[in-house]
Amino acid sequence: MASSIGEENNAYAQFFVGQSYLKTLVADPNVNVGVGNVTFEPGTRNNWHIHHDGFQILLVTAGEGWYQEAGQPAQKIKAGDVVVTHDGVKHWHGATKDSWLSHIAITAGTPEWLEPVSLAQLLCEFQRDWNRTETVPGFVQLMVEAGYFLNM
């Protein structure tokens, strides 16, 4: 069933944790840039990935989410934000636990899909964001608040 958010993103499902939707906006073989609206259900995120010989621009249109480049802290993104990922930069993005996230992805080049974001990486990022203590119960509470136990 088609909707304004598109179809279930089954073609890329193996590269996501949780459910996402894709509505292709530009798929012209004479244009070397893909444009699509990607919508993430709450708590959904994609795997680490790299765009080779190209780039990705995310125009966040609704909701809240996370974006992270390898070696950098995760940053919260929200409607109205623009994220530019340059050629060869390893990154991931996805929705917060309590919000859907929609963005228009303008993508050139060839994607290389990599490993899922690990539980340890998420723990470190959310702990840093919320400045929690490094106790096991604190980490468990942190992940419950972040909504990621449901999708691991």
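Is aspartate 98 buried or exposed? Some notes on the charged pairs follow.

1. First, a caveat: this is a predicted model. A search through the whole structure turns up three salt bridges, and I go through each of them below.

2. To the opening question: aspartate 98 is exposed, its relative accessible area being 61%. Its salt-bridge partner is lysine 97, with 3.3 Å between the closest N and O atoms. Lysine 97 itself comes out at 33% relative accessibility, so it counts as partly exposed. The cut-off for exposed is over 50%, which is why aspartate 98, at 61%, gets that label.

3. Next, glutamate 115 and lysine 90: their side chains meet in a salt bridge at 2.8 Å, N to O. Glutamate 115 sits in the loop between strand 10 (101-113) and helix 1 (119-130), while lysine 90 belongs to the loop between strand 8 (82-85) and strand 9 (91-95). The pair therefore ties together parts that are 25 residues apart in sequence. As for accessibility, glutamate 115 is partly exposed with a relative accessible area of 35%, and lysine 90 is also partly exposed, with 25%.

4. That leaves lysine 78 and aspartate 81, which form a salt bridge with their closest N and O atoms 3.5 Å apart. Lysine 78 has 45% relative accessibility and counts as partly exposed. Aspartate 81 is at 22%, and it counts as partly exposed too.

Key: Residues numbered from 1 in each chain as written. Predicted model: local features only at pLDDT ≥ 70, side-chain atom pairs only at ≥ 80, totals over all residues. Heavy atoms only, no water. Salt bridge = Lys/Arg side-chain N within 4 Å of Asp/Glu carboxyl O. Buried < 20%, exposed > 50% of the residue type's maximum accessible area, 1.4 Å probe, protein only. Helix = DSSP H or I, 4+ residues; strand = E, 2+ residues; numbered from the N terminus.
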